[in-house]
Amino acid sequence: MRAISPRSIRGEFRGRLGGFALDASFSVPAIGITGLFGPSGCGKSTVLRCLAGLQHLPGSLCEVDGDVWQDDTTFLKPHQRPIGYVFQEASLFQHLTVRDNLMYGAPKRKAGSLPGDIAFDEVIELLGLARLLPRAPRNLSGGERQRVAIGRALLSQPKLLLMDEPLSALDRLTKDEILPFLERLHARLLLPVIYVSHDMAEIERLADHLVLMQAGRVIGVGPLSELQSNPALPLATSRDAAVNVDATSDSYDAAYGLLTLRLDGGKLLVPSAPVPAGERRRIRIAAGDVSLSREAPRETSILNALAVRIVSTSAIGPNEVLVVLALGPAGNGARLLARVTRRSWDQLALAEGLDVFAQVKGVALAPERAISEPPK
Ligand SMILES: Nc1ncnc2c1ncn2[C@@H]1O[C@H](COP(=O)(O)OP(=O)(O)OP(=O)(O)O)[C@@H](O)[C@H]1O
């Protein structure tokens, strides 16, 4: 008998849709946000529709947190699956107020009355909806409409929230307005989310885990930073390759406006407004902002020079080398990427396994983000 894994979301979806062949298998933790990422047409929305039961591919498997939604003998219809679904464009009922839209689809019991329920007031507060409650949908901006759609999905008390490119219909400014709301949801709610996007910037801000797709297949599954630093995957070799690392704020130097962040295997100094000690923040370090040196750099204006070990290398084109680095003197801390010229690689006689120094020219600190605890 096949073991059902609690606290995980498992999908094995196979089949043909017209000329498109899907063969996508993954297992991710049933906590936090899992990004489903890949180029247009690779099958992301189809996988989401399979999870929702909107697409039935016989012979497939779907298990969520210990419950079987699909196997050889079971196929739960969409309304039998405890899911919330947020689409690209919010489809609100025009004849209902925002309050009534929010309560549409909510279970008849009082929200918050069962353990694990998301309370009405909490949703209103998290999504900043209080002043919108009496309004009609036609009097809302695109961003406000999408926040209401997210609130409505949450109040249906789902076990899994599916979001299909929820920001892609919005302009840049509106996206930036909504992202902090999504980050707050992520920090405060335990609800697992599968988040489809083809915008890596969104994935980098929100996702804990990633399912990477290409042409109907899953080509990588795992924690975001692991996939970002895997040279066999296209994220690491792309022009704007970067690694996102979760760090903890340490001391703050008010005289220079510099925050010390602790990360697995090292410390970084980042220009920042004051941040209380002990706060978890996500940082982004681009491969192009990391250079290597054999000696500990002295008399340099670069704030951060970290002891690292060279884990692996691969050529990118004829004149560049992608270097995977591990922080810490023992080379077992957080991973970073560096992109150096082949000439520098040869001149410095760099090699895999060597202990060197990584000079980090720029670190982007996420504006404000409490990171949910990783699964036990
Ligand atoms: N019911 C269907 N019949 C035939 N082909 C389909 C059907 N549903 C999806 N497809 C095809 O499957 C492929 C994957 O579509 P899907 O919408 O899942 O991709 P996607 O990765 O979400 O793309 P995008 O980012 O552009 O939304 C596409 O080529 C699409 O035309």
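Which residues are around the ligand?

## Ligand shell

This is a predicted model. The residues around the ligand are L17, G18, F20, G38, S40, G41, C42, G43, K44, S45, T46 and H198. By class, the shell holds 3 nonpolar, 8 polar and 1 charged residue. Helix α1, residues 44–52, gives the most to this shell, with 3 residues.

## Helix α4

Helix α4 covers residues 142–155, 14 residues in total. At 1.5 Å a residue, the helix should span 20 Å. Its end C-alpha atoms are 20 Å apart, so expectation and model agree.

Is α4 largely enclosed or largely open? It is largely enclosed by the rest of the structure, because 12 of its 14 residues are buried. The buried residues are E144, R145, Q146, R147, V148, A149, I150, G151, R152, A153, L154 and L155. Their cover includes two strands, β6 (83–86) and β7 (160–164). It also includes the helices α2 (98–103), α3 (120–127) and α5 (172–188). Just after α4, Q157 takes a positive phi of about 55°.

## A338 in strand β18

A338 lies in β18, the strand of residues 335–341. Is A338 buried or exposed? A338 has 26 other C-beta atoms within 10 Å; the cut-off for buried is 20 or more, so A338 is buried.

Leaving out residues up to four places away in sequence, A338 touches A287, V290, S291, L292, V323, L325 and A358. A338 and S229 are 109 residues apart in sequence. In space, their C-alpha atoms are 9.9 Å apart.

Methods
Residues numbered from 1 in each chain as written. Predicted model: local features only at pLDDT ≥ 70, side-chain atom pairs only at ≥ 80, totals over all residues. Helix = DSSP H or I, 4+ residues; strand = E, 2+ residues; numbered from the N terminus. Expected span 1.5 Å × (residues − 1). Contact = placed C-beta atoms within 7 Å. Near = placed C-beta within 6 Å. Nonpolar A, V, L, I, M, F, W, Y, C, P; charged D, E, K, R; others polar.
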